[in-house]
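Hi,

Here is the structure I promised to pass along. Have a look at it first, and my notes follow below.

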Amino acid sequence: MRVQNWIKSPEYAEGAAVAFTKNFTSDGSIVRATLHVSCLGIYKASLNGKKVGRQVLTPGITSYDHRIQYQSYDVTDMIKRENLLIISVGPGWAIGHYGLIRSYNMWGKDVSAVAELEIITADGNTHYINTDQSWQVYTTEVTYSDIYRGEKVDKTAEIRLIGNALEAKSFPLVPQIGADIIENEILPPLELIITPKGERVLDFGQNITGYVALNIKGRRGDRVALSFGEVLDKDGNFYNENYRNAAYPVIYILSGEPDCFKPTYSFQGFRYVRLDEYPLDCIDLSSFKAIVVHSDMERTGYFECGCAPINQLYHNVIWGQKGNFLDIPTDCPQRDERLGWTGDAQVFCKTAAINFDVRKFFKKWLGDLRAEQGADGSITGVCPEKCAYGFKTRISAGWGDAATIIPYTLYEVYNDKSFLSENFDMMCKWVEYMRSTGPEEFLWLTGFHYGDWLAIDAGEDSYVGATSADLIATVFYAHSTRLLVKSGEALGKDMSEYRRLYENIVKRFREYFMENGMPRERLPYTEIKTYPKSTAGDNERRGVTQTAIALILHFDLCLPEERDALIDKLASLIHEFGDRMSTGFLGTAYILLALSECGRHDLAYTLFFQRQSPSWLYSVEHGATTIWEHWNGVKEDGSFWSVDMNSFNHYAYGSVAEWMYGVICGIQQTDVGYKQIRLAPIPHRDLGYAKCKLKTVSGEIESSWKYNNDSIDFEFTIPDGVNAEIALPGGYTERVCGGKHYYTV
Ligand code: BGC
């Protein structure tokens, strides 16, 4: 954008959307016309009555103080002789309620817009139309909108000229980096439920992120009010207390003519929609549609097997990603958070990158993470971090490590070194941050940590698990340092200093946290603080937990000769806990991988097939269509685990799909970008068959197997030029390059 004139309305009614308008004429000799637009808030641009572009919720969310994206649209075919350009802007993330302490007006008090229309005419000249004080501002039919608090569209509202635009504060602009946010799918309601309380509730059959569109004709001034929920309560009534401060309706006021409604500046997370107000006697289901909104990402991973609940689990992982990859990786799409939690993003990143092509999506968010990194190298729990205002001190192991884990994972999956070169400084600074905290250079024993978030081994009501937060912190310190070394080496840098640092961290980890090859049960009390709502005091955390051992094994913090005893200990902890996991956000991401890496696929499958909570299939058996935040979100008796931390669309535990692709179907990369692979499926009779396809940057890889009485048939498709080591159950191995390969064992 050549000229960046930001404009605002002379008056602004809190929560409303306003329309910035410009009339212009054109002589028709246009070769090319491009519209560049952005705003503080969320905008919708239209030219001569038609929406410009396919994107919604533009300009998306970034760390607005550092940068706001602008979009560029080819509008050549939309220009006529007499033209009306309208840029309507609602409050969105920047102005409305958003953030951990439900902040308001975080980036400004009123919405503003900036645009430039660039027209190249046949005579070779370029003409510009820029936002300036000649633009007129009108009220709109959207009289209220808020990310957390719904939207009110009033088709009877008088559209009034407010006046000429005023100059507004400018923000740094960048061309769009992220993936387009688009309306991806449309779901019809499956049924209308009349609940025991007599509520009228539409069931869309799938927990989604997006909004409800409605076609309706009624009397002028009639109202429709829609409330959103993810689950019904144990009696079958509508429930959305878990939305906390975001349990607000969307309201449509009818014009008297046939109306089409949908929100423009907000989105909701829901499966059920309660018709709080509905003016017509007959509810025609075909007039409602759920529109699924998320960032545009090409689907690249597919998995299917012969066990319906596992297919549902996989479906839930995919929908967890769709629901939470709306411009930033959000923890959940419904309650008063929807924030870019760094820990959630890092544990799920590998799965995300196999499921979908997330290069653009993460490239943008990593840019914000870099921009917001503290001068001391700190990375906070949430990005954009302004939304975590008041919680800034919460810099936690396993969360801040998004700075190293995500760039490295993206490099690994896509063989794109730009993820390393762009983020190398951030990775270094994060490692230096950990190195400089507290008196111990090679241990991380200070600060605040979320720990093994939502693990239940410290008691069912605790928000933080029993694993020592110091141990977790030092594990991630080691892991991040190792990734930094690998990244630097991939970039051709001398990493010997950081290699020594890594070796020292591992050495000190083993001295401090381990004894005779096992983690110490009781650890010295340190200064680490965890989240207040946890039953185990900070000084009561332990070294011998499922999470601790899984982390030690997976991140290689033990000697090879110690692995057997550790895996036996992990197995006995699992058995003692009823063949179940007791892990939270950090342990769950690695426990199946750790078991399989040690050859204990049997035990990994035991956890995978477990139906009692904590387990993945527990939520499936309780009707989940996305991944739950808490293992016990709905308890056996149908009551809810808690009101305030109980999302039913939280993708973190969906990281299990990494194990499904990599172990059940056995597609493992042994080189970046799947240039070399290992195909080592581990079949299980209860699955009957399994098949998986990955569209990688090296080509399409397929792996499938099927039980055939007592034998198993395997089939692999390997892209040309890709070397694969095939390793079948029973010990047969072979090296092949490209092509289709069949085996029976
Ligand atoms: C979020 C999580 C996040 C956590 C930090 C929660 O409120 O929803 O997903 O990682 O806080 O512990």
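Let me start with helix α11, which is mostly covered: twelve of its 13 residues are buried (buried is under 20% relative accessible area, exposed over 50%, partly exposed in between, with a 1.4 Å probe and protein chains only). Helices here are DSSP runs of H or I with at least four residues, strands are runs of E with at least two, and both are numbered from the N terminus. Before you dig in: this is a predicted model, where local features need pLDDT of at least 70 and side-chain atom pairs count only at pLDDT 80 or more, while totals for chains, interfaces and linings use all residues. Residues are numbered from 1 along each chain as its sequence is written, and side-chain values use heavy atoms, with hydrogens and water left out.

Back to α11. The buried residues include Phe585, Tyr590 and Leu595. The helix covers residues 585–597 and bends by about 35° at isoleucine 591; that bend is the angle between axes fitted to the seven residues ending there and the seven starting there. Ile591 is itself among the buried ones. Just after the helix, glycine 599 has a positive phi of about 80°.

- The loop between β5 (50–51) and β6 (68–74) holds proline 59, and the peptide bond to it from threonine 58 is cis, with omega near 10°.
- Leucine 57 lies in the loop between β5 and β6 and has a positive phi of about 55° although it is not a glycine. Leu57 counts as buried because its relative accessibility is 1%.
- The bond from serine 613 to proline 614 is cis as well, with omega near -5°; Pro614 sits in the loop between α12 (601–609) and α13 (616–621).
- Arginine 338, in the loop between β28 (328–329) and α3 (342–355), has a positive phi near 55°. With a relative accessible area of 3%, Arg338 is buried.

Among contacts between residues at least 6 apart in sequence, 74% join residues at least 24 apart. The C-alpha atoms fill a box of roughly 80 × 65 × 55 Å along the principal axes.

Cheers

Note on methods
Contact = heavy atoms within 4.5 Å.
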